Amino acid sequence: MERTFAIVKPDATAAGFTGRILARIEQEGFKIVAIKKIFMSKKQAEGFYAVHSARPFFNDLTSFMSSGPCVVMVLEKDGAIKEWRNLMGATNPAEAAEGTLRKEFGKNIDNNATHGSDAPETAATEIAYFFSALELVG
Ligand code: CMP
């Protein structure tokens, strides 16, 4: 069974959308194998998004991700990586399909409610950034 890494971002936790997003995750057949609420420092956000460090939006992105609490999770399902990306919808909520989380809960490309890993290697790295093996309780 595949695992992916997911975040409910600070815009969505602040707006009180956490419960609705978690409910949707379970309705869509994902198993939450690990979950915690964290408040990242700027340095921790920079470490997490290091792959984007050369991008023009890096500073805004890491400032935003360290502006309030996030809920970080490990989700399990057949094809979890692709399935979670499908449920989130397009990165830019303005382009996200009806019924996706970013369409329903996102405001704009920066405040887009959720994050998900894009490939198996990234999922493994991102899971290990926030969780130890003992915290993955299946
Ligand atoms: P996320 O899936 O968390 O990965 C990186 C984030 O950077 C992305 O969601 C967006 O919220 C943010 N971002 C801001 N501008 C862009 C852009 N032009 N392209 C991709 N991601 C962007």
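Visitor: Which residues is M1 in contact with, leaving aside its neighbours within four places in sequence?
Guide: In this predicted model, M1 belongs to the segment before β1 (2-8), and the C-alpha atoms of M1 and A80, which are 79 residues apart along the chain, are separated by 8.0 Å. Once the neighbours within four places in sequence are left aside, the contacts of M1 are E76, K77 and D78.

Visitor: Is M1 buried or exposed?
Guide: A residue counts as exposed when its relative accessible area is over 50%. The relative accessibility of M1 is 68%, so M1 counts as exposed.

Visitor: Which residues does UniProt list for "binding site"?
Guide: The record is an unreviewed entry, and its annotations may be inferred rather than shown by experiment. Under "binding site", UniProt lists K9, F57, R85, T91, R102 and N112. In the model, the lining of the largest pocket includes these residues, namely K9, F57, R85, T91, R102 and N112.

Visitor: Where is R85 placed, and which residues is R85 in contact with beyond its neighbours within four places in sequence?
Guide: R85 sits in helix α5, which comprises residues 80-88, and with a relative accessible area of 36% R85 is partly exposed. Leaving aside the neighbours within four places in sequence, the residues in contact with R85 are G116, S117 and D118.

Visitor: Is T91 buried, partly exposed or exposed?
Guide: T91 lies in the loop between α5 and α6 (101-105), where, not counting residues up to four places away in sequence, T91 touches R102, I109 and N112. The class of partly exposed residues falls between the buried limit of under 20% and the exposed limit of over 50%. The relative accessible area of T91 is 41%, and therefore T91 is partly exposed.

Visitor: Which residue has a polar backbone atom 2.6 Å from an oxygen atom of the ligand?
Guide: The residues that surround the ligand include R102, I109 and N112. For R102, a polar side-chain atom lies 3.3 Å from an oxygen atom of the ligand, and for N112, a polar side-chain atom lies 3.2 Å from an oxygen atom of the ligand. The polar backbone atom at 2.6 Å from a ligand oxygen belongs to I109.

Visitor: How much of the accessible area that the ligand has on its own does the protein cover?
Guide: A polar side-chain atom of N112 is 3.2 Å from an oxygen atom of the ligand. On its own, the ligand has 450 Å² of accessible area, of which the protein covers 79%.

Visitor: Which residue does UniProt list for "active site", and in which strand is H115 placed?
Guide: The unreviewed UniProt entry gives H115 for "active site", and H115 is also among the residues that surround the ligand.

Visitor: Why does H115 count as buried?
Guide: Buried means a relative accessible area under 20%. H115 counts as buried because its relative accessibility is 11%.

Visitor: What is the relative accessibility of T114?
Guide: T114 is found in strand β4, and, not counting residues up to four places away in sequence, T114 touches I7, K9, I21, W84, M88, L101 and R102. T114 counts as buried, with a relative accessibility of 0%.

Key: Residues numbered from 1 in each chain as written. Predicted model: local features only at pLDDT ≥ 70, side-chain atom pairs only at ≥ 80, totals over all residues. Heavy atoms only, no water. 1 Å grid on protein atoms, 1.4 Å probe; cavity = no way out; pocket = protein on both sides within 12 Å on 5 of 7 lines; lining within 4 Å. Helix = DSSP H or I, 4+ residues; strand = E, 2+ residues; numbered from the N terminus. Buried < 20%, exposed > 50% of the residue type's maximum accessible area, 1.4 Å probe, protein only. Contact = heavy atoms within 4.5 Å. Near = heavy atom within 4 Å. Polar contact = N/O pair within 3.5 Å; in protein donor to acceptor, adjacent residues only side chain to side chain. Areas by Shrake-Rupley, 256 points an atom, 1.4 Å probe, with all protein chains shown as cover.
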